Amino acid sequence: MAATPRFRNDAVAAPDADPHLDPARDSASADRKHPVDETLPPLRMFTSGLQHVAAMYAGVVAPPMILGPAVGLTPKETAFLMGASLFTAGLATLLQTLGFWRIGARLPFVNGVSFAGVTPMVAIGKDRGHDGIAVIFGAIIVAGLLGFLLAPYFCKLVRFFPPVVTGTVITLIGVSLLPVAFNWSQGGHATADDYGSTTNITMAAVTLMIVLALRKLLRGFLQQIAILLGLVVGTLIAIPVGITDFGAIKGADLVGFPTPFHFGAPQFEAAAIVSMCIVMLVCMTESTADMLALGRIVDRPADERTIEGGLRADTLGSAISPLFNGFMCSAFAQNIGLVAMTKVRSRFVVAAGGGILIVLGLVPVAASVIALVPLPVLGGAGIVLFGSVAASGIQTLATAALEKGENALIVAAAVGIGLIPIAAPDFYHAFPKDALVVLDSGISTGCVVAIVLNLAFNHLGRKPDPDPSPQEQSPAAAAPVAAH
């Protein structure tokens with residue numbers, strides 16, 4: 001019996017190979033396409049794509065659900081932001097999977113709204129209404145364009161972002177968002193009469209237990225959407241309890257389009273731009289690590305050109321998103337885990353998921369249905385969702401050789417400084433207001449500290465180790481495969 005054809009890792013790395021433009025160029029692949037470039041039957045393509053959407057859905061809508069109330073938007077406007085985020089996530093995913101010219105990794109790579117930008121965006125737009133949104137969008141446009149220009153150079157700097165840096169950043173993202181889940185669990189609005197009531201906290205606890213039970217008992221596709229199912233069950237339980245608000249869905253249109261610059265023309269403020277540029281560097285670091293991991297999983301190693309194309313898609317998608325009222329885009333690592341578990345490596349499956357996201361974004365009533373989820377229910381699920389991000393960072397730090405040199409000190413200092421805005425919110429109260437946009441984001445400050453200390457302790461004035469381990473050479477091992 002003939003042996004099953006295998007795809008050699010070194011075939012992709014050959015100097016004259018261009019898997020992006022012509023994956024079937026040589027005789028070895030002339031008879032069969034690489035699994036990444038295969039198309040599946042329509043029904044399987046749709047269901048597999050829907051599975052990717054289910055795995056990322058909660059992560060896409062969570063940032064606008066945080067940001068909308070923080071800047072003072074109405075429930076209907078927040079629902080509009082969620083629909084726009086779905087739409088722009090679909091566009092960014094199509095850029096990554098299908099691509100054009102040298103844009104796109106052309107891997108089964110899902111893009112969506114980055115959690116890394118949530119805390120800085122809240123600091124920028126808090127209680128400023130439409131003006132706050134306009135300033136956020138202006139900063140994202142500039143950061144996206146800057147990232148696009150830096151992509152050809154950034155992909156060559158992989159060695160400066162080892163697991164000790166990426167793990168620290170990912171951990172801080174999760175830890176910085178956990179207070180949001182705790183706030184939701186209490187009701188979300190500190191001035192409300194029922195804020196912190198036993199009813200709200202009990203609903204959060206019930207939802208958390210439902211999610212954990214579903215994750216334990218279900219298998220396959222249903223296990224992947226345990227958080228989504230937990231939100232549905234929790235919301236159904238909350239209806240007779242009396243904490244479900246149907247106001248957002250009443251005025252929603254059945255079909256609509258995310259009107260360009262719905263909240264006004266973008267505004268450009270220097271401090272906001274600096275903050276979002278730092279976030280963009282964080283996103284580019286995460287995406288680089290994710291591409292390296294995904295390349296290994298699908299047996300198409302990500303070389304510099306692949307990473308460059310992926311970063312260009314990330315940054316271009318981010319720069320375009322504000323036009324349609326969306327936010328900064330980056331990789332969704334939970335979908336990498338989904339590829340590894342299902343063994344479905346086709347990038348066209350993920351492209352189908354991107355198409356589904358676009359359709360959902362064009363149906364405002366669908367986005368409004370999401371707004372029916374009571375905040376305590378979302379808080380219970382959010383503890384798992386945001387906690388899994390921190391867990392991914394810890395998993396990454398486990399590969400960071402903390403026993404070597406000053407790596408443990410780097411993590412200690414970066415995490416400690418990154419936690420200041422969470423543990424002591426008024427710590428920087430005497431600093432200029434513009435500086436607070438950066439300092440009030442533990443993610444931004446922690447990332448800067450981790451990068452600077454890594455350069456100081458592990459690069460400047462030190463000769464390279466004679467035989468560094470693969471994990472120390474590349475952040476590939478740092479790519480999280482748990483929830484984003």
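This is a predicted model: local features need pLDDT of at least 70, side-chain atom pairs count only at pLDDT 80 or more; totals for chains, interfaces and linings use all residues.

Colleague: Fine. How many helices and strands are there in the protein chain?

Modeller: The protein chain has 22 helices and 2 strands.

Colleague: And what share of the residues counts as buried?

Modeller: 55% of the 484 residues in the chain count as buried. As for contacts with a separation of 6 or more, 84% of them come from residues 24 or more positions apart.

Colleague: OK, then how do α7 and α21 pack?

Modeller: Helix α7 covers residues 163-186 and helix α21 covers residues 442-458; the angle is about 165° and the axes are 9 Å apart. That angle makes α7 roughly antiparallel to α21. The crossing of the two is right-handed.

Colleague: Which residues in α7 and α21 meet there?

Modeller: From α7 you have Val164, Val165, Thr168, Val169, Leu172, Ile173 and Ser176. On the α21 side they meet Gly442, Ile443, Gly446, Cys447, Ala450, Ile451 and Asn454. By type, the contact divides into 9 nonpolar, 5 polar and no charged residues.

Colleague: I see a spacing in those numbers. Why would residues three or four places apart point the same way?

Modeller: Because an α-helix has 3.6 residues a turn.

Colleague: What about α7 and α17, how do they pack?

Modeller: α7 and α17 are at an angle of about 165°, with axes 7 Å apart. That makes α7 roughly antiparallel to α17. Their crossing is left-handed, and the contact residues divide into 20 nonpolar, 13 polar and no charged.

Colleague: Switching to rings. How many aromatic pairs does the count come to?

Modeller: The count comes to 5 aromatic pairs. In one of them, the ring centres of Phe137 and Phe327 are 5.6 Å apart and the planes are at 45°, so that pair is tilted.

Colleague: Where do Phe137 and Phe327 lie?

Modeller: Phe137 is in helix α6 (residues 129-154), while Phe327 is in the loop between α13 (304-320) and β2 (329-331), so the pair ties together parts 190 residues apart in sequence.

Colleague: Are Phe137 and Phe327 buried or exposed?

Modeller: Both Phe137 and Phe327 are buried. Another aromatic pair is Tyr428 with Phe431, which is edge-to-face, with 5.4 Å centre to centre and 90° between the planes.

Colleague: How covered are the two partners, Tyr428 and Phe431?

Modeller: Tyr428 counts as buried at 10% relative accessibility, whereas Phe431 is partly exposed, with a relative accessible area of 43%. Ring pairs also link Phe427, Tyr428 and Phe431 into a cluster.

Colleague: Now some backbone. I noticed Phe261; what is its phi?

Modeller: Phe261 has a positive phi of about 50°, although it is not a glycine. Phe261 sits in the loop between α11 (247-250) and α12 (270-297), and is partly exposed with a relative accessible area of 29%.

Colleague: And what about the phi of Ala401?

Modeller: Ala401 is a residue other than glycine with a positive phi, near 50°. You'll find Ala401 in the loop between α17 (375-397) and α18 (407-418). At 14% relative accessibility, Ala401 counts as buried.

Colleague: What follows α5?

Modeller: Asp127 follows α5, and its phi is positive, near 60°. Helix α5 itself (residues 118-125) is mostly covered, with 7 of its 8 residues buried. Among those buried are Val118, Met121 and Ile124.

Colleague: Last one: which residues does Asn200 touch?

Modeller: Leaving out residues up to four places away in sequence, Asn200 touches Ser185, Gln186, Gly187, Asp194, Tyr195, Ile243 and Pro376. Asn200 is in helix α8 (residues 198-217) and counts as buried at 2% relative accessibility. Asn200 and Val377 are 177 residues apart in sequence, yet 8.2 Å apart in space, C-alpha to C-alpha.

Colleague: Great, thanks!

Methods:
Residues are numbered from 1 along each chain as its sequence is written. Side-chain values use heavy atoms; hydrogens and water are left out. Axes are lines fitted to C-alpha atoms, for helices over the stretch in contact, and angles run from 0 to 180 degrees between N-to-C directions. Helices (H or I, at least four residues) and strands (E, at least two) are DSSP runs, numbered from the N terminus. Angles under 35 degrees count as roughly parallel, over 145 as roughly antiparallel, 65 to 115 as roughly perpendicular and the rest as oblique. A crossing is left-handed if the near helix is turned anticlockwise from the far one by less than a right angle, and right-handed if clockwise. Contact means heavy atoms within 4.5 Å. Ala, Val, Leu, Ile, Met, Phe, Trp, Tyr, Cys and Pro count as nonpolar, Asp, Glu, Lys and Arg as charged, and the others, Gly among them, as polar. Rings of Phe, Tyr and Trp (its six-membered ring) pair if their centres lie within 6.5 Å; planes under 30 degrees apart count as stacked, over 60 as edge-to-face and the rest as tilted. Buried means under 20% relative accessible area, exposed over 50%, partly exposed in between (1.4 Å probe, protein chains only).
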